[in-house]
Amino acid sequence: MVTIRVRFHKGVFIPEEPVDVPEGQAGVVMVETPTEEKVDDATEQAWQELLSLVERYGLQTGISDLAQHHDYYLYGTLRDEAPQ
């Protein structure tokens, strides 16, 4: 499989750089919409925030129950203190 970056111009997709595929080769073009890019940005931002919290509260303070009580550390909700 080959990835080819294209631009849509006057009804056709035009490659952004030279393409080395056989003449007449069929393929599929997937178009990223602005909505998908915003979701990707939001997802990336959420991961970065989570990693920051893990570094700040998990690694530096040695919290051993971070995975089990992540809502407590993220949002301040009550922890389930039932024995495990």
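Is Phe-13 buried, partly exposed or exposed? In this predicted model, in which local features need pLDDT of at least 70, side-chain atom pairs count only at pLDDT 80 or more, and totals for chains, interfaces and linings use all residues, Phe-13 is partly exposed, with a relative accessible area of 40%; here buried stands for under 20% relative accessible area, exposed for over 50% and partly exposed for values in between, with a 1.4 Å probe and protein chains only. Residues are numbered from 1 along each chain as its sequence is written, and side-chain values use heavy atoms, with hydrogens and water left out.

The protein chain holds two helices and two strands, arranged along the sequence in the pattern β-β-α-α, where helices (H or I, at least four residues) and strands (E, at least two) are DSSP runs numbered from the N terminus. Of its 84 residues, 6% count as buried, and the accessible surface of the protein chain, computed by the Shrake-Rupley method with a 1.4 Å probe, comes to about 8000 Å², 55% of which belongs to carbon and sulfur atoms. Where a contact is taken as heavy atoms within 4.5 Å, 3% of the contacts between residues at least 6 apart in sequence join residues at least 24 apart.

One aromatic pair was counted, on the criterion that ring centres of Phe, Tyr or Trp (its six-membered ring) lie within 6.5 Å, with planes under 30 degrees apart taken as stacked, over 60 as edge-to-face and the rest as tilted. The ring centres of Phe-8 and Phe-13 are 4.8 Å apart and their planes stand at 55 degrees, so the pair is tilted. Phe-8 counts as exposed, at 56% relative accessibility.

Lys-10, which lies in the loop between strand 1 and strand 2, has a positive phi of about 50 degrees although it is not a glycine. Most residues other than glycine have a negative phi. Lys-10 is also exposed, with a relative accessible area of 76%.

The largest pocket has a volume of about 900 Å³, a pocket being an open set of points on a 1 Å grid, where a 1.4 Å probe fits, with protein on both sides within 12 Å along at least five of seven lines, and lining residues having an atom within 4 Å of a point. Of the 26 lining residues, Ile-4, Val-6, Val-28, Val-29 and Met-30 are the closest to its centre, while strand 1 (6-9), strand 2 (12-15) and helix 1 (34-59) are the elements that give two or more residues to the lining.

Technical notes. Points joined across faces, edges and corners; volume = space filled by probe spheres on them.
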